[in-house]
Structures are given as C-alpha cells and as structure tokens.
Amino acid sequence: MMAVSMSSQADNSYTDRARVIKAKPIYETVRVNHPEEQCWNERVYHRGRSHSDSYTPSIAGAIIGGAIGNQFGKGTGKKVMTVAGAALGASVGNDLSKRHTRGYATTERRCEIVDHYTEQEELVGCKVKYKYNGKIFHTYTDHHPGKWIDVRVSVKPAHIRY
C-alpha cells in the first residue's frame, strides 16, 4: 500500500511513507557514576591543653597554700603569709596539672565523596528494514520509527534526449 504525499518541489522529489518490516534497537554500554557521601567519626589527638581543662588544681593549690601560710604567720604577717601561700599554692597546682597533660582527644566528623560506577545499556538508535514500492531498503535512525517511516522519493528521467 502506498500513500503518496505529493509535495512537488523544483528538484522533482516528494515525501512518501514506507512500511517498516523490522526495527532492531542498537544499544551502547555506558558507564554511569552515582557519587555517594560517606561519613564517619574519627578520634583526633591534639597537643597542649583542652579549652575545657579544669581550674580545680589551681584552686585546690590556692586553698592548701593559704591554709599552710595561715599556720606560719603572726598578727598582720598572718594575712600576708596566707595570701602568699595561696598564690604560691595556685601556681604549684597549675604547674602540676600541666605536667600530666600531654594533649587531648576530640571526636570529629569526617566526610568524603565516593564514586560508585555502574554500567548500563543505553539506546543509541535503530537499524531499520523497510519496504517501499516492492523493494527492501535499510537505514539507521536515532529512534524507533514505528510501523511507518517517511522516505524522500526523487524522480528523474532515465534517458535524457538533446
């Protein structure tokens, strides 16, 4: 069956439809990335003292030093010895707390992007076999044409006389 769409042009060609006999999909394997964020908690060690270190050793040293200084002073010297003992005790307590602190550890969240590749088939076109005017033809298309494919028909005289 031939349905002619006679859109005549100066080049003696027109568009018609041909019956598709077979359309075989053509696939290509492509590599697709599916990036994924992966996170974990990691223990990190730091040198020096933590910002949250306690002032307890300094305070305890001041109290102990003040009590000792209070035992040795007499009259107004008692107050001076108490203050001096408290200051010296605070300093000693601070120094002792630093001696035992080599660093501190915190837990920090770390993240990274990890690539996960998969291979998948992707349709890249079709190999088409069609019949027009009793003859078989082949072509490639970028999609499945369906039951019919448009064809351009060109007509020229077989022999030209001068």
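This report covers the fold elements, the disulfide, the salt bridges and a charged surface patch of a predicted model.

**Fold elements**

The chain contains two helices and seven strands. Read from the N terminus, the order of these elements is β-β-β-α-α-β-β-β-β. The chain has 162 residues, of which 17% count as buried.

**Disulfide**

One disulfide turns up in a search of the whole structure. Its partners are Cys39 and Cys111, with 2.0 Å between the sulfur atoms. The bond links distant parts of the chain: Cys39 belongs to strand β3 (residues 36–47) and Cys111 to strand β4 (residues 103–114), and the two are 72 residues apart. The torsion about the S-S bond of Cys39 and Cys111 is about 110°, so the disulfide is right-handed.

Cys39 counts as partly exposed because its relative accessibility is 32%. Cys111 also falls in the partly exposed class, at 42%. Cys126 has a relative accessibility of 1% and therefore counts as buried.

**Salt bridges**

The structure holds two salt bridges.

| Salt bridge | N to O distance |
|---|---|
| Arg110 and Glu42 | 3.6 Å |
| Arg110 and Glu108 | 3.5 Å |

Salt bridges with shared partners join Glu42, Glu108 and Arg110 into one network. The bridge between Arg110 and Glu42 forms with closest N and O atoms 3.6 Å apart. This pair connects distant parts of the chain, with Arg110 in strand β4 and Glu42 in strand β3, 68 residues apart.

The accessibility of each residue in the network can be stated in turn. Arg110 has a relative accessible area of 31% and is therefore partly exposed. Glu42 is partly exposed, with a relative accessibility of 31%. For Glu108 the relative accessible area is 28%, so Glu108 is partly exposed.

**Positive patch**

Lys22, Lys24, Lys127 and Lys129 gather on the surface in a patch of positive charge. The elements that contribute two or more residues to this patch are β2 (13–33) and β5 (117–132). Lys127 lies in strand β5. With a relative accessibility of 39%, Lys127 counts as partly exposed, because that class covers values between 20% and 50%.

Methods
Residues numbered from 1 in each chain as written. Predicted model: local features only at pLDDT ≥ 70, side-chain atom pairs only at ≥ 80, totals over all residues. Heavy atoms only, no water. Patch = residues over 30% accessible without salt bridge, like charges linked within 9 Å, V, L, I, M, F, W, Y side chains within 5 Å. Areas by Shrake-Rupley, 256 points an atom, 1.4 Å probe, with all protein chains shown as cover. Salt bridge = Lys/Arg side-chain N within 4 Å of Asp/Glu carboxyl O. Lys, Arg positive; Asp, Glu negative; His and termini not counted. Charge placed at Lys NZ, Arg CZ, Asp CG, Glu CD. Helix = DSSP H or I, 4+ residues; strand = E, 2+ residues; numbered from the N terminus. Buried < 20%, exposed > 50% of the residue type's maximum accessible area, 1.4 Å probe, protein only. Disulfide = S-S within 2.5 Å.
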